Amino acid sequence: ASPRPCDMASLLRAVGAAAVGALAAGLIAKRLYAKGNEVTIIPNLLVKDIAESAKFYTEVLGMAVDFSVDPSRGFLPGAVIPGACFAQLSLGGGSLMLQTADSLSEDLPAVFSPGQRPGTGGTVYLRGADPSPAIARLPDGALLKMPEVTWYGMHEAYCRDPDGHVLCLGRAKGAAPQV
């Protein structure tokens, strides 16, 4: 039987069970589950290929892979498991989730379909990510706007990831406007 796409509810159950034995220190508890009334906003981007997207985010932007999951609920901390349908990455206390269309279509069949191509619906702002070293590592054609210091004191550059998602890398450099 072929593995089925992973849905988020099953993913959370599988990761929760696997995390207890595999990561006793609590990587998942720190990175996936909120405590009390804490709210953490984590973008979950539709991607074609987890490995390709994770390579971009790790090699170009310096993110780390927290864990990945394959369609049969195989879980791998710290790396991308072959055939992954989901991965979570992090950088400086922030997180980013990557999920394939097949997996998202199982979670939300009225919204996503298997094989659906990623699209652009806005931008993801990575506050604290220094654009200068990242743009030197961008693939040809990925840079959308050269770095500049904005009127609000942020050193920013815009680029596209392999799936076409628009990212803004920004780090405080100038004085913030007085409000």
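Where is the place of Leu 76? I looked this up in the model, which is predicted, and found Leu 76 in strand 3.

Entry 1: I recorded an open sheet of five strands, ordered 1-5-4-2-3, in which the pairing is mixed. I noted strand 1 (44–47) and strand 3 (75–77) as the edge strands, each of which pairs on one side only.

**Entry 2: helix 3.** I looked up what packs on the sheet and found helix 3 (residues 50–59). I listed its contacts as strand 1, strand 2 (64–69), strand 4 and strand 5. I also noted that the direction of helix 3 makes about 160° with that of strand 5.

**Entry 3: strands 4 and 5.** How many bridges join strand 4 to strand 5? I found six between residues 86–91 and residues 94–100, and the two strands run antiparallel. I looked up Ala 87 and found that its bridge partner in strand 5 is Leu 98.

**Entry 4: Leu 76 again.** Is Leu 76 buried, partly exposed or exposed? I read a relative accessible area of 30% for Leu 76. Leaving aside neighbours within four places in sequence, I found Leu 76 in contact with Phe 67, Ser 68 and Ile 81. I also checked Asp 66, which is 10 residues from Leu 76 in sequence and 8.7 Å from it in space, C-alpha to C-alpha.

Definitions and conventions: Residues are numbered from 1 along each chain as its sequence is written. This is a predicted model: local features need pLDDT of at least 70, side-chain atom pairs count only at pLDDT 80 or more; totals for chains, interfaces and linings use all residues. Side-chain values use heavy atoms; hydrogens and water are left out. Two strands pair if DSSP finds at least two bridges between them. Helices (H or I, at least four residues) and strands (E, at least two) are DSSP runs, numbered from the N terminus. Contact means heavy atoms within 4.5 Å. Axes are lines fitted to C-alpha atoms, for helices over the stretch in contact, and angles run from 0 to 180 degrees between N-to-C directions. Buried means under 20% relative accessible area, exposed over 50%, partly exposed in between (1.4 Å probe, protein chains only).
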